[in-house]
Amino acid sequence: MNSSCQYLGNSNTAFLCNLQNGCHLLTLKMMYSSRRKPVLYFKEDRRFWSGKCTVYKLFGLCMVLVLVSLLWLQLSCTGDVRLIDDGGLPRQPCPPERQASAAEDPSWGPHKLALLIPFRERFEELLVFVPFMHSFLNRKKILHEILVINQVDHYRFNRASLINVGYMESGNDTDYIAMHDVDLLPQNEALDYGFPQEGPFHVASPELHPLYHYKTYVGGILLLTKQHYHMCNGMSNRFWGWGREDDEFYRRLRAAGLQLFRPNGIKTGYKTFHHIHDPAWRKRDQKRVAAQKQEQFKVDPEGGLTNLQYKVESRQKLTISGAPVTVINTQLECDTEKTPWCLLN
């Protein structure tokens, strides 16, 4: 037997011994016989982690590692934004709220909505909007895709052009669009987001919108089939800065001979929507520069989808609290001779 011992020097005289290639803690105790002669004996310390590795010990260690891994996955699965990009490995996403298909459940219908969100830098609102609208539309059995058209150039914000980009980039699997503000959340389940076959459907109608109540208002949330949007040649690209683009689009709807529809039987009034924009924190660009004051009330008879100029810098698929969303990072182009107000002086 190959053995060796090392003196540890505690109160009862202890040794660490190597017996048959295993380490054992041996305690030397002094015992006395009836003749009061010292008698020596060894007591082996049989602890769980001492001695040789056994199948039971390996099994116990594996179970501990599995439990730790499951705990880590649970803690890492949060409601944060998770980037799924070509440049790196994403964290483990939370299971998204599943959206059924028309083939699995015909009650969802054959149509699919492209929810277009013109966007720039309002991330705190986006984190609320995406999971809210995903759940809202799922409850109503609306097949949908949320597209955030994020303006990343150095020009002033252009809501109309971004909606045009969203229409162009929405793909052939969607057949109608919603021009939807990121700060407007529907609070009434009776609101209709279904396919607007008869004509454009203004969800955020003047008698329901918390801020804008004039009769020709068509902003906030407007549903159109892609065919009807194409008939209008989209929206004008001349509106840099905040406001007036939806008023010009109202004239386009009338020029195309389209009838505008609005909700009926909604009893919640101005509480139908929750407006989450804080003007003190996120001020709108309402400046009117150069000839913009005169041009903002004119009809743009030629501009729209036909003269839209843009470049998609990247497309990124995200999940926000389990809700899928596609962000289209977009660079708009501006003809500074025709619309010099795209730049702030």
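Arg-159 is buried, and Asp-181 is buried too, where buried means under 20% relative accessible area, exposed means over 50% and partly exposed falls in between (1.4 Å probe, protein chains only). The model here is a predicted one, so local features need pLDDT of at least 70 and side-chain atom pairs count only at pLDDT 80 or more, while totals for chains, interfaces and linings use all residues. Residues are numbered from 1 along each chain as its sequence is written, and side-chain values use heavy atoms, with hydrogens and water left out.

Now for the charged pairs. Side chains of opposite charge can pair when their charged atoms come close. A salt bridge is taken as a side-chain nitrogen of Lys or Arg within 4 Å of a carboxyl oxygen of Asp or Glu, and counting this way gives 11 salt bridges. One of them links Arg-159 with Asp-181, with 3.3 Å between the closest N and O atoms. Arg-159 sits in helix α3 (residues 159-169) and Asp-181 in the loop between β8 and β9, so this pair ties together parts that are 22 residues apart in sequence. Helices (H or I, at least four residues) and strands (E, at least two) are DSSP runs, numbered from the N terminus.

Arg-159 also forms a salt bridge with Glu-245, and here the closest N and O atoms are 3.0 Å apart. Glu-245 belongs to helix α5 (residues 245-255) and Arg-159 to helix α3, so the parts tied together are 86 residues apart in sequence. Like Arg-159, Glu-245 is buried.

The loop between β8 and β9 turns up again with Asp-183, which pairs with Arg-122. In this salt bridge of Asp-183 and Arg-122, the closest N and O atoms are 2.7 Å apart. Asp-183 lies between β8 (176-180) and β9 (184-186), and Arg-122 lies in the loop between β6 (112-119) and α2 (123-139), so the pair ties together parts that are 61 residues apart in sequence. Asp-183 and Arg-122 are both buried.

On to the cysteines. With a disulfide defined as a pair of cysteine sulfur atoms within 2.5 Å, the count is 1 disulfide. Cys-334 and Cys-342 make this link, with an S to S distance of 2.1 Å. The turn about the S-S bond is -90 degrees, which makes the link of Cys-334 and Cys-342 left-handed. Cys-334 and Cys-342 are buried. Elsewhere, Cys-232 has a relative accessible area of 6%, so Cys-232 is buried as well.
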